[in-house]
Amino acid sequence: MPDALLRVDHLTKRFGGLTATNDLSLEVRTGELHAVIGPNGAGKTTLISQLFGELAPNAGTIHFAGEDITALSTAARVRRGLARSFQITQLLFDYSALDNVALAVQAHLGHSYHFWADARSDRALTEPALLGLARVGLEGRAHVAVKEMSHGEQKQLELAIALATRPRLLLLDEPMAGLGTTECAATIDLLRKLKQETTILLVEHDMDAVFALADRISVLVDGQCITTGTGEEVRNNETVRIAYLGEGNV
Amino acid sequence: MARTEAAAGVNPGARRILLLRGAGLVVLAVVLLLLPMTANAIGDPALITLATRMIIYAIAAASLNLILGYGGLVSFGHAAYFGVGGYVVGILYFHFAADDLFLGFIPGSNQFLITLFAAMVVSGLAALVLGALSLRTTGLQFIMITLAFAQMVFFLFVSLKVYGGDDGLIVRRRNLLFGLNMANDTTFYFVCVTIAALYFAVFWRLVGSRFGLVLGGIRQNERRLAAIGISTYRYKLVAFVIAGIGAGIAGALMANFSKFVSPDMLHWSRSGELMIMVILGGGATLFGPAIGAVILVGLETVLTGWTEHWQFILGPILILIALFTRGGVLTLLENRRAPDA
């Protein structure tokens, strides 16, 4: 039995009459790339937001590396090794790309109660940040203000920021959404390298990407995890075919 | 290439702006230095006291800018810390003159360094307490609660009959500093210039530091900061305290300058004026609020000389400036929108 880095037990989240997450349980094993797929409204982003502490579940528990993190704040979860990228980018738009990543490096290094030394010329921040930008192919755009970057570049920057906190578990919310074909291919390449280094939970609509990258796939329908298995198992699962993939669609 | 430049902290293409700013600073220093001489030469010594008021408000507005402009925290009660700073000077002088003890154990003082330090401490503590409570809220609630707390402080001083209540408190003589003749307006002007120079130097380091980057990030997207592991509450509180200390410095200077403190210093309209200065000059810029202070104090002085209905003229002027500059007057000078942090 491989050890679970993340264990979700009976998670439930209700918004009024709508049950977005319904008694959901799943496990993400150390080292795997675990994809979560499901039709629109299946509760994928709601799940990620609960894992990341941005939404409080109504019931259920979340364990990370053996510790119950259900009640922890987002910042506390990040300090324990969680990171997330956002489907709708959450960036510091007045800052440069470099500032955005450097701030994540800074946060990872410890507290920010340094009131005097110039942060933008601090090599302890800028050097790792530039390496991080280079990793996602943005090294030439380091000094560009984020609000002047393209959507694709902003998505790449999301990844660079998440990686700068050196996560043990990376939660990726549709990193490919809205990307062009070339950008998509580059992101798939990058994720293939990343999965050698860290555990990843990937929510993605691009099925080619999911089946190319995922070690295991969980299928969410109406807030419930209806099955978890390898790409092959999921593809051949009768319930999945009916509930989600549709005959002959994959 | 790009790498080494970035590592050195120099943004390619920003050199011209850096040079312009350097030149601007030199010009500013020369103007400030020559102002008293010029004012006396052209037979208008009132310019010196006008400039002193502008400088004091520049410090107060800059202190608000730290939270309002950089941190995006719309505090509508900043005059409270300005007034508290002033009252510390007034009350310490009161007990010095009466030769008794404040609260039965704190002796009064007329030593500038002591009263200034005390004003910073007390304003900072007031900001710590009120900030700790107000920062639990956000948005409109935050605006209203900072206003409400400031009004509470206002009414506290109104009801303190010992210290003059409504009528305020007279400081018969300005505090003493190194045997300088503080009663002389030119001397006091240079004291204010020196303190302002120190204040803005510290402020400049602060907003470029790691703390300053976090603060600017709070303005732009708090969710992002949480997502990289930063709990924003404490950073906001520290910024609130630093801003309160700055207002306390300005308040202490104002009490010495006008030799008088009254609840008027803490009135909510004073908070509004400080906000106007920040927005007018340009939030999240080092000197924007100072420019706003110069414009507002200047307009007030000129317009009150013309008519007692001066606010009737001031309003439209402010609206026009706001409409045509958008990011503040400073953006016109440098032709840019992006804030410093």
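Which residues is B:Met254 in contact with, leaving aside its neighbours within four places in sequence? I looked this up first. I kept in mind that the model is predicted.

**Entry: B:Met254**

I found B:Met254 in helix H10 of chain B, which covers residues 232–258. Leaving aside neighbours within four places in sequence, its contacts are B:Ile56, B:Gly86 and B:Met265. I then checked the pair B:Met254 and B:Ile56. They are 198 residues apart in sequence, yet their C-alpha atoms are 6.6 Å apart in space. Is B:Met254 buried or exposed? I counted 24 C-beta neighbours inside 10 Å, so B:Met254 counts as buried.

**Entry: the largest nonpolar core**

I turned to the largest nonpolar core, which has 168 residues. A:Val101 and B:Ala61 touch the most other members. Helix H3 of chain B, residues 46–70, gives the largest share, 16 residues. Domain 1 (1–81 + 167–250) and domain 2 (90–165) of chain A both give residues to this core, so the core lies between them. I noted a general point: in soluble globular proteins, nonpolar side chains tend to be buried together.

Next I looked up A:Val101. Beyond its neighbours within four places in sequence, its contacts are A:Ala129, A:Gly132, A:Leu133, A:Ala160, A:Ile161 and A:Ala164.

**Entry: chain A as a whole**

I listed 9 helices and 10 strands in chain A. Its radius of gyration is 18 Å, close to the 18 Å that the globule rule gives for 250 residues, so chain A is as compact as a globular protein of that length. The C-alpha trace spans about 60 × 40 × 40 Å along its principal axes. Of the 250 residues of chain A, 45% count as buried. I also checked contacts between residues at least 6 apart in sequence: in chain A, 67% of them join residues at least 24 apart.

Notes
Residues numbered from 1 in each chain as written. Chains lettered and ligands numbered in written order. Predicted model: local features only at pLDDT ≥ 70, side-chain atom pairs only at ≥ 80, totals over all residues. Core = buried A, V, L, I, M, F, W, Y, C linked by C-beta atoms within 7 Å. Buried ≥ 20, exposed ≤ 12 C-beta atoms within 10 Å, placed from the backbone. Helix = DSSP H or I, 4+ residues; strand = E, 2+ residues; numbered from the N terminus. Domains from an automatic or database assignment. Contact = placed C-beta atoms within 7 Å. Rg over C-alpha atoms; globule rule 2.2 N^0.38 Å.
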